[in-house]
Protein chains: 2
Amino acid sequence: MRIVLDAMGSDAHPDPEIRAAIEAGRILNDEIFLVGPKDLLETKLKDLSPPSNLHIVHASQVLEMTDKPAESARSKTDTSMAVGMELVRRGEADVFVTAGNTGGAMATALFQLRRIRGVRRPALTAQFPVRTGHCIVLDIGANTDCKPEHLLQFAIMGCVYAEKVLHKSPPRVALLSNGEETGKGNQLIKETSPLLKELIPNFIGNVEPKELFNGEADVVVTDGFTGNILLKSSEAAAKFLSELLRAEMLKSTRTKLGALLAKPAFVNVKKIMDPGEIGAAPLLGVNGLVFIGHGRSDAHALVNAIRVARQAAEAGLLQELRTAIAEKLAALPSVQSEG
Amino acid sequence: MRIVLDAMGSDAHPDPEIRAAIEAGRILNDEIFLVGPKDLLETKLKDLSPPSNLHIVHASQVLEMTDKPAESARSKTDTSMAVGMELVRRGEADVFVTAGNTGGAMATALFQLRRIRGVRRPALTAQFPVRTGHCIVLDIGANTDCKPEHLLQFAIMGCVYAEKVLHKSPPRVALLSNGEETGKGNQLIKETSPLLKELIPNFIGNVEPKELFNGEADVVVTDGFTGNILLKSSEAAAKFLSELLRAEMLKSTRTKLGALLAKPAFVNVKKIMDPGEIGAAPLLGVNGLVFIGHGRSDAHALVNAIRVARQAAEAGLLQELRTAIAEKLAALPSVQSEG
């Protein structure tokens with residue numbers, strides 16, 4: 001596989017990326033393309049004896065957090081993101097990985113790679129740690145206002161990803177709603193439900209956040225606004241609880257000692273909840289494989305991101321997505337005509 | 001004050017209600033009306049020497065969890081909810097408290113009490129524990145599809161509640177969104193934002209769940225679908241984290257001992273996160289004061305519910321809501337005409 005890593009993505013770029021590229025180059029039998037300002041990267045790599053399968057690709061610009069995504073995707077054409085995705089577009093690489101700005105990656109991907117034929121809206125996915133392992137949720141922020149056809153496409157793409165990359169077969173698909181019963185939900189959910197019932201083989205109906213964390217679904221479908229609130233409120237509530245616990249534990253010698261003894265448990269829980277353990281999640285629906293990791297990714301998280309990206313490339317995810325979208329659209333003329 | 005308590009609301013009814021009514025009667029200088037099947041309640045109360053300010057009001061029926069709310073609100077007119085709310089409607093009591101089915105309470109309230117003049121959609125509120133104390137969030141489930149005017153009314157009513165009952169003055173009001181910046185959000189948020197900017201004095205813009213838990217707003221406004229997902233995902237994520245931690249702590253003698261020593265910290269955190277400490281949250285916008293507590297409420301939680309309900313009654317919440325709605329609607333003719 002030929003894997004592109006954006007050297008300028010993470011908050012602490014490019015050092016975590018450099019360490020990750022070296023490690024991935026050593027442990028994987030792949031070509032790793034590290035994209036960023038050549039001089040900078042070469043200077044930093046000089047004394048680190050990089051493996052021969054690690055290649056530097058020059059990109060003079062960086063898409064900054066302060067850049068407006070859509071504008072910059074058009075005007076800044078020599079960013080590490082744009083150059084990296086261009087390698088994928090030209091067929092010179094199989095997958096692109098970045099820990100950069102999500103909005104920027106999305107806009108650049110739409111501009112550089114465009115959409116898979118028939119896909120109306122690419123979707124950002126997130127992998128949630130749940131009681132039984134993981135589930136994926138999409139969309140978690142790319143599309144704030146959605147129509148039932150969009151959610152149907154998210155379901156189709158989410159299924160392909162869950163089946164081909166995460167080996168859930170057949171994946172159980174659900175709609176995120178405010179109640180499990182059929183008929184619960186807002187207008188969007190009520191209109192989407194019959195579509196999924198007709199076209200998604202293993203559609204199990206609605207799930208509430210409780211059932212999501214119970215691991216009752218493998219693919220949870222939602223609009224990007226609600227998905228974003230789900231993701232961020234789960235993270236914020238978990239963080240709030242952890243901080244409360246820390247503060248309470250510092251209040252007495254007894255509880256401080258307790259915290260010290262219980263530390264291995266806290267470390268393990270942190271690891272389970274850590275997005276870095278998953279590495280990165282795909283932007284599904286653009287015409288090329290793009291994986292986006294957390295801005296706070298360290299080298300370890302980036303190596304995990306590279307691993308999951310290479311699994312997707314190896315599974316032929318892009319072709320699988322193209323086929324699934326084409327087949328399902330053929331089964332649903334009304335959606336196809338708008339595609 | 002004259003406070004009505006639904007004897008048949010909580011999951012373990014009527015025992016927690018009976019104990020709560022006795023305790024509230026003893027510690028508060030109020031008349032407590034306990035509504036439910038007279039024979040049952042009298043038998044249970046017989047040996048408990050109830051105080052003289054505790055009165056039983058007979059209601060032969062119970063609104064069951066399995067009842068369809070809207071249907072039952074019309075067909076079952078002798079439920080403890082219907083009879084209790086009727087006391088409020090006839091001016092024979094000041095506030096109604098139940099730990100019963102939320103949908104049922106909402107439907108019964110709409111049928112028995114109707115809406116405050118000008119209010120288009122009553123809203124369910126929730127009180128969230130946050131870093132600085134509490135904030136209220138509305139709507140958390142009564143209205144799955146909302147228009148900007150509805151969110152404006154939620155903001156007006158939430159402000160009145162935060163100011164008059166929770167003594168936040170002036171309350172900081174925010175819209176729940178997927179990004180803090182103006183312009184972020186779905187269509188509903190984008191259309192609501194200018195309305196709130198014009199009509200809500202202390203509107204601070206958008207908040208994400210992170211800022212909500214940081215305590216940056218006193219009143220967080222959202223549609224009932226998103227608010228419900230926010231509430232339930234926060235609860236589910238916190239529960240998931242706690243369970244993970246418990247499981248990890250049971251894995252070794254060392255961590256088990258740590259957990260034992262750290263127990264006071266866990267107990268305190270549980271108390272902070274416990275909805276029972278808040279007791280109940282109001283259904284704002286119906287023409288009478290209605291407070292709804294958690295189904296799992298015990299006697300302690302129900303006494304807290306009675307306390308918060310009496311504060312609202314004492315503050316003249318209903319009249320304050322009527323005035324605020326009338327004033328703001330007068331300032332916005334387009335909304336008034338639809339009211």
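Good morning. Please bear in mind throughout that the model before you is predicted.

I begin with the sheet in chain A. The sheet is open, has 11 strands and shows mixed pairing. Reading across chain A, the strand order is β3-β2-β1-β4-β11-β10-β5-β6-β9-β7-β8. Which strands lie at the edges? They are β3, residues 54-58, and β8, residues 203-207, both of chain A, and each of them pairs on one side only. On average, neighbouring strands of this sheet are turned by 30° against each other, with direction ignored.

Let us look at one pair within this sheet. Strand β10 of chain A, residues 280-284, pairs with strand β11 of chain A, residues 289-293, in the antiparallel sense, over 3 bridges. As an example, Ala280(A) has Gly293(A) in β11(A) as its bridge partner.

A helix also belongs in this picture. Helix α5 of chain A, residues 102-112, lies across β4 (95-98), β5 (123-130), β10 and β11 of chain A. The helix runs at about 170° to β11(A).

I turn now to the two chains together. How many residues of chain B are in contact with chain A? There are 44, and they are in contact with 45 residues of chain A. On the chain B side, the elements giving two or more residues are α8 (209-214), α9 (224-249), α10 (253-261) and α11 (263-273) of chain B. Of these, α9(B) gives the most, with 17 residues. By type, the residues on this side of chain B comprise 23 nonpolar, 14 polar and 7 charged.

Thank you for your attention.

Conventions: Residues are numbered from 1 along each chain as its sequence is written. Chains are lettered from A and ligands numbered from 1 in the order in which they are written. This is a predicted model: local features need pLDDT of at least 70, side-chain atom pairs count only at pLDDT 80 or more; totals for chains, interfaces and linings use all residues. Two residues are in contact if their C-beta atoms, placed from the backbone, lie within 7 Å. Helices (H or I, at least four residues) and strands (E, at least two) are DSSP runs, numbered from the N terminus. Ala, Val, Leu, Ile, Met, Phe, Trp, Tyr, Cys and Pro count as nonpolar, Asp, Glu, Lys and Arg as charged, and the others, Gly among them, as polar. Two strands pair if DSSP finds at least two bridges between them. Axes are lines fitted to C-alpha atoms, for helices over the stretch in contact, and angles run from 0 to 180 degrees between N-to-C directions.
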